[in-house]
Amino acid sequence: MREVLWTPRPTPPPPERVRRDWLLVAVLIPAVIVESVVRSSPVGALVGIAVVPLLLWRRQRPLLMLAINFGVCTVEPFLTGSSSFLTLAAALLLLPYALFRWGSGREIVAGSLIIAGRLAIGYGFAQLTEADVLAGLIILFGIGALGLAMRFRARARLRERQHLRMLERERLARDLHDTVAHHVSAMAIRAQAGQATAETDPASAVEALRLIESEASKALASMRSMVRVLREPGIGDVRALAGPSTVGPPVEVRLDGDVDDLSPAVAATLFRLTQESVTNARRHARNATRIEVRVTADETSVRLEVSDDGEHGGLSSGYGVSGMVERAGLLGGTCQAGPDPDRGWSVNAVLPRAAA
């Protein structure tokens, strides 16, 4: 019981009011007014108009909104002789769901007691029959179970994302090691060659020092870029991947549509998918002369296409493609990778513009 009471509110926090919330209120208020006219209950219309807008705050203040709404539903029969069906339906369906989905453990316990008290008062004053109480309990149990299921599902998805982020950080750390090791090995070879020719050919030794300086600058640049990615949450710009490279063919990036106002989750996933695709092409595409990246964005989705003109031996093992598919799936998108009919390898991903 103590663990339930100390359960915090879920993270990330609930979304702000969205268009469907305003649409819900805009539909319910006229419906409550029509119902009150049919029942000849002007007080019921006033009660409905006062209570329905509270649904706009059901996620941010689930316990308070539930307490107010159920309190009004308890008092209304004493004022009008009966309860508004629409107001009661909204209270039974939306508010308990919001409480179990977004409330803390203490709020859930307190809200459950309020619901039980409302049913007890209704049954005690003959407002509800035994069948009504039983039906209400069944409905509330189902709505509460649905809210908890969605809560646990969101928590599981968050853990999956954190796990994938950890795997990406490990992969970046390995890439950092490989890159630095490559440049350091080149510097060691150049230094050995310079030492061997220093006495007989001083010009070659000077040239070796110049090449060592160049390799050191490249190593430092690679270390800075990768360490920055390791430190930050993981959002990058795909345009930063464009240009020539010392470890593979050049990358051409083309953007169609607005990609500057994507949500953080979608922007991070888009960058990671592009980065992984480019890295795989540079590692596994033999005799490739170019890598093309195209991002197409519209009002609802973002499409990524990465292709090369090299020769591939097949899918690489490890995180690679499977991790890309999992990351896209976490946002409700898709990712496919396979050989082109003519030549090379292509990756095609479609992500929703707003994170799922």
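Predicted model: local features only at pLDDT ≥ 70, side-chain atom pairs only at ≥ 80, totals over all residues.
1. **The buried side of helix 3.** Start with helix 3, residues 42-51. Its buried residues are Gly44, Ala45, Val47, Gly48 and Val51. Look down the axis of helix 3: these buried residues fall within an arc of 165°, so they line one face of the helix.

2. **The other side of helix 3.** Now turn to the face directed away from the buried side. Pro42 and Leu46 sit there, and both are exposed.

3. **Salt bridges overall.** How many salt bridges does a search of the whole structure find? The count is eight. Three of these pairs are taken up below, among them Arg59 with Asp21.

4. **Arg59 and Asp21.** These two side chains meet in a salt bridge, with N to O at 2.7 Å. Arg59 belongs to the loop between helix 3 and helix 4 (62-80), while Asp21 belongs to helix 2 (residues 19-39), so the pair ties together parts that are 38 residues apart in sequence. Are the two partners buried or exposed? Arg59 is buried, and Asp21 is buried too.

5. **A network around Asp21.** Salt bridges link Asp21, Arg58 and Arg59 in a network. Find these residues together in the viewer.

6. **Arg210 and Glu207.** Here the side chains meet in a salt bridge at 2.3 Å, N to O. Both residues are in helix 8 (residues 202-231). They are three residues apart, which means that about one helical turn separates them. Arg210 has a relative accessible area of 45%, so it is partly exposed. Glu207 is partly exposed as well, at 35% relative accessibility.

7. **Asp256 and Arg294.** This salt bridge has its closest N and O atoms 3.2 Å apart. Why does the pair tie together parts that are 38 residues apart in sequence? Because Asp256 lies in strand 2 (residues 248-256) and Arg294 lies in strand 3 (residues 291-297). Asp256 counts as partly exposed, with 22% relative accessibility. The cut-off matters for this residue, because buried means under 20%. Arg294 is also partly exposed, at 33%.

8. **What to take away.** Helix 3 has its buried residues on one face, with Pro42 and Leu46 exposed on the face turned away. The Arg210 and Glu207 pair stays within helix 8. Asp256 and Arg294 connect strand 2 with strand 3.

Notes
Residues numbered from 1 in each chain as written. Heavy atoms only, no water. Buried < 20%, exposed > 50% of the residue type's maximum accessible area, 1.4 Å probe, protein only. Helix = DSSP H or I, 4+ residues; strand = E, 2+ residues; numbered from the N terminus. Arc of directions from axis to C-beta. Salt bridge = Lys/Arg side-chain N within 4 Å of Asp/Glu carboxyl O.
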